[in-house]
Amino acid sequence: MHKWWKQFKLENRFIYRNWFFLLAPFAFGAFILLIFAIESPGITNPHLVDATNQYLSMMNSYQVMIHTLTLGVIMLLAVLNMRRHYNKTAYAINGAWPVSQTTILSAIYIAGFLYASIFTVIMSAVFWFLALFLDVNMTAAANALAFYVLHYEWSYGVTLALAMFLAAVIPGRIVYLIAFCGWMFGTFFLDQFIIFRYHLYFLKTFHLSQFFMTGIWHSLIQDSVWGLDIIRREIWFSRLF
C-alpha cells in the first residue's frame with residue numbers, strides 16, 4: 001500500500017505541475033458560469049414547471065458541448081501519463097522501480113479519475129447555484145443533477161480506460177492522432193452523422209458521453225416531469241455494456 005501511495009502522489013505531481021491541466025478546471029468553471037449567466041435571464045416564465053423545463057433545456061443544450069470538450073482533456077491526460085511510463089526514453093528508469101504494473105496502472109487511472117471529478121464538482125456547483133438563483137423546482141433540479149453527476153463520472157471512467165488502452169497498444173506519437181480520432185468519432189461524429197441519420201440506434205451504446213444533440217433523447221432529458229424516468233433504463237443498459 002505504501003508503494004501504491006507513493007506512485008499515486010507521483011502521478012498527481014505530474015498532473016498538477018502541467019499548467020494546461022492545472023488551469024483547465026478553472027477555465028471550465030469560468031466558461032460555464034459565463035454561458036449560463038448570459039442565458040439564464042431568458043428564463044422568465046412565471047409558471048414553475050415551465051421555468052424548470054426551460055432551465056433544464058438550457059443546461060442540457062450546453063452540457064452536450066461542454067462535457068464533450070472535457071472528455072478530450074481527460075483523454076489527452078491519460079495518453080500523456082501512459083506514454084510517460086511506457087513510451088518515453090527519458091522515463092525508462094521507471095521500469096526499474098520495485099513496483100508492479102498493476103500498481104502503476106491503477107495509480108494512473110485513479111489519479112486521472114479524481115482529476116476528472118473536479119470538472120463534475122464544478123459543474124454541480126454552478127448547476128445548483130443557478131437553480132437556487134432562478135428559483136426553479138428544487139426536486140426536479142436535484143433529480144437532474146444526480147443524473148448529470150453519475151453521467152459525468154461514468155463517461156470519464158470509460159474515456160480514461162479507452163485512452164490508457166490506446167496508449168498501451170499503439171507505439172509512437174501516432175497515438176495522439178488515434179486518440180483524437182477516437183474522441184471525435186465517439187462523440188460528435190457518432191451523434192451527428194451516424195446514429196440518427198442512418199437510424200443505427202444500437203450504436204448509442206458506444207457514444208462516450210451519452211449526451212446527444214439530436215433525437216428523442218435530447219427532447220426527453222429537458223422535461224422535468226417524466227423525461228429522465230423514460231430514458232433512465234436505456235441509459236443504464238448502455239452504461240453496463
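## Thr 120 and its contacts

Thr 120 touches Val 149, Tyr 152, Glu 153 and Tyr 156, once its neighbours within four places in sequence are set aside. Thr 120 belongs to helix 4. Is Thr 120 buried or exposed? Its relative accessible area is 4%. The cut-off for buried is under 20%, so Thr 120 counts as buried.

## The whole protein

This is a predicted model. The protein has 8 helices and 0 strands. Along the sequence, the pattern reads α-α-α-α-α-α-α-α.

How much of the protein is buried? Of its 241 residues, 47% are buried. Now take the contacts between residues at least 6 apart in sequence. Of these, 73% join residues at least 24 apart.

## Helix 4 from end to end

Helix 4 covers residues 101-134, which is 34 residues.

After helix 4 comes Asp 135. The phi of Asp 135 is positive, near 55°.

## Helix 1 against helix 4

Two packed helices are described by the angle between their axes and the distance between the axes. Helix 1 spans residues 2-16. Helix 1 and helix 4 pack at an angle of about 45°, and their axes are 9 Å apart. The pair is therefore oblique. The crossing of helix 1 and helix 4 is right-handed.

Which residues make the contact? Helix 1 gives Lys 3, Trp 4, Gln 7, Phe 8, Glu 11, Asn 12, Ile 15 and Tyr 16. Helix 4 gives a list that includes Ile 104, Ala 107, Ile 108, Ala 111, Leu 114, Tyr 115 and Ile 118. By class, the contact has 12 nonpolar, 5 polar and 2 charged residues. An α-helix has 3.6 residues a turn, so residues three or four places apart point the same way.

## Val 73 in helix 3

Val 73 sits in helix 3, which runs over residues 48-86. Its relative accessible area is 14%. Under 20% counts as buried, so Val 73 is buried.

What does Val 73 touch beyond its neighbours within four places in sequence? Its contacts are Phe 20, Phe 21, Ala 24, Tyr 115 and Phe 119. Take Phe 20. In sequence, Val 73 and Phe 20 are 53 residues apart. In space, they are 9.3 Å apart, C-alpha to C-alpha.

Technical notes: Residues numbered from 1 in each chain as written. Predicted model: local features only at pLDDT ≥ 70, side-chain atom pairs only at ≥ 80, totals over all residues. Heavy atoms only, no water. Helix = DSSP H or I, 4+ residues; strand = E, 2+ residues; numbered from the N terminus. Expected span 1.5 Å × (residues − 1). Axes fitted to C-alpha atoms, helices over the stretch in contact; angles between N-to-C directions. Parallel < 35°, antiparallel > 145°, perpendicular 65-115°, else oblique. Left-handed = near helix turned anticlockwise from the far one by under 90°. Contact = heavy atoms within 4.5 Å. Nonpolar A, V, L, I, M, F, W, Y, C, P; charged D, E, K, R; others polar. Buried < 20%, exposed > 50% of the residue type's maximum accessible area, 1.4 Å probe, protein only.
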